[in-house]
Amino acid sequence: MAQFDNSYARLPAQMFSQTAPTPVKAPELLAFNDALAAQLGLPKDAEIWAGNQPLEGSMPIAQVYAGHQFGHWNPQLGDGRAVLLGEVLDASGARFDVQLKGSGPTPYSRRGDGRAWLGPVLREYVVSEAMHHLAIPTTRALAATATGETVIREGLFPGAVITRVASSHIRVGTFQFFASQDDLEALQALTDHVIARHAPHATGPLELLQHVVQKQADLVAAWMSVGFIHGVMNTDNCSVPGLTIDYGPCAFMDRYNPRQVFSSIDQQGRYAYQNQPQIAAWNLAQFATALLPLMADREQAIETFTAAVNAFGPAFQAAWLARFGAKIGLTDATEDDLPMIEALLVLMAKDGADFTNAFRGLSGQAPQDQFTDQAAFGAWHEAWLARLGPFEAAKPIMDSANPAIIPRNHRIEQMITAAVEGDMAPFHRLGAALRTPFVASDGDLTRPPSDAEIVPATFCGT
Ligand SMILES: Nc1ncnc2c1ncn2[C@@H]1O[C@H](COP(=O)(O)OP(=O)(O)OP(=O)(O)O)[C@@H](O)[C@H]1O
Ligand SMILES: [Mg+2]
């Protein structure tokens, strides 16, 4: 059994509220991550993961935060439907938060019911685990537990709780909350906590900022490389340890379209695929602003912090080039290769090519099948082969940079529809294939949606 620690709960009291989960009627484990449970020494027990039974040694709290939502300042958010049970250490000494989401109201619920329904819980479970197996930093899913209760959204839906595991759940919005309250005690305590936990080399706020800038640059480049659209990159969903967090309206693109948006509430396309790097930089500027009150020489700090935020651009470019270079078989891509990568993306956009299959096809037998303008693709292909060098050496590079299987939106929707009717087979099938996303183990899951299957929007009724 895992040893719990509660280091966040030892921070100043204004940083959280002690909040127990609200028990539910009929807990039932719908999904359980045995491998993660074994890594962390956690039990397989529906009563615990529904919040009906306390986990030994835990001290449940809800964390307070604030945030910019779609650019608008919201001074008071916080875990409105989540509780942090505490932290566990794995065998290597790495520390992980264990959190229930959908476990009932907290002092930060505002008008919400503190609950989640089965659909978003299973989406978060499948997509976050897929991200993990794609080697993209993310929160993880330990359990999905049905509550036996009904949740009211745009109708009545079965309720569920997800157990989430993360190196921490600290967000840019956590810093913003204390900065906006002029609470220097909490801001300093949070900064010290985060440095100790996530950036032990950092000697102060500037180096912490630089560290987070690099983490976010790597993260967003990784998202771009698999066609992932987060959908709700508010500062309260911008993770300080650089994880993908909050899988509300996220989706992977099928056809490549740089302006693609899925979230039904993102009317302006603020969080469109191609805007993600700019938004990350904007969020990091908010992080820098929140750290400023800790600096004795404010004028000088504004200068150094601005430079640190501006470093996002080149850091992202480098990470993007490494990712997309590998996608076309290059481990040594330089700026000189940018036109070739960009030309391919332009072709893909023009042809409406499937993002995943067009890249995966490059190392296969018939790459041209993914394109309609055969003359244009042929010319690109010839130039590319000339740059590539020996194909056999490049193939494994591509095959480990271009997933064969991603959690396609229509499969997620089909999986949710089936689960609501009590059929978990599609959930398990998706989960199994997504454990090895670089192997086309389940051919049918590589297929893009038919016109009838396309899911144009993901809804925020989470
Ligand atoms: N049903 C609900 N009841 C209470 N609060 C809610 C509910 N849904 C969302 N919230 C709160 O509204 C805010 C914004 O919600 P958002 O969808 O970004 O987060 P989330 O999906 O609940 O959680 P997380 O970011 O931890 O994944 C958060 O503070 C969240 O706790
Ligand atoms: Mg959120």
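In this predicted model, helix 4 and helix 5 are roughly antiparallel to each other, because angles over 145 degrees count as such and the two helices, spanning residues 172-180 and residues 184-198 respectively, pack at an angle of about 155°, with their axes 8 Å apart. The crossing of helix 4 and helix 5 is left-handed. On the side of helix 4, the contact is made by Thr174, Phe175, Phe178 and Ala179, which meet Ala186, Leu187 and Leu190 of helix 5. Of the residues in this contact between helix 4 and helix 5, six are nonpolar and one is polar, while none is charged.

At the level of the whole protein, a division into domain 1 (4-166) and domain 2 (170-180 + 201-402) is found, and the C-alpha centres of domain 1 and domain 2 lie 27 Å apart. Contact between the domains involves 23 residues of domain 1 and 21 residues of domain 2. On the side of domain 1 that touches domain 2, the elements that give two or more residues are strand 5 (67-69) and helix 3 (118-133), and helix 3 supplies the largest share, namely six residues. This side of domain 1 comprises 13 nonpolar, eight polar and two charged residues.

Technical notes:
Residues numbered from 1 in each chain as written. Chains lettered and ligands numbered in written order. Predicted model: local features only at pLDDT ≥ 70, side-chain atom pairs only at ≥ 80, totals over all residues. Axes fitted to C-alpha atoms, helices over the stretch in contact; angles between N-to-C directions. Helix = DSSP H or I, 4+ residues; strand = E, 2+ residues; numbered from the N terminus. Parallel < 35°, antiparallel > 145°, perpendicular 65-115°, else oblique. Left-handed = near helix turned anticlockwise from the far one by under 90°. Contact = placed C-beta atoms within 7 Å. Nonpolar A, V, L, I, M, F, W, Y, C, P; charged D, E, K, R; others polar. Domains from an automatic or database assignment.
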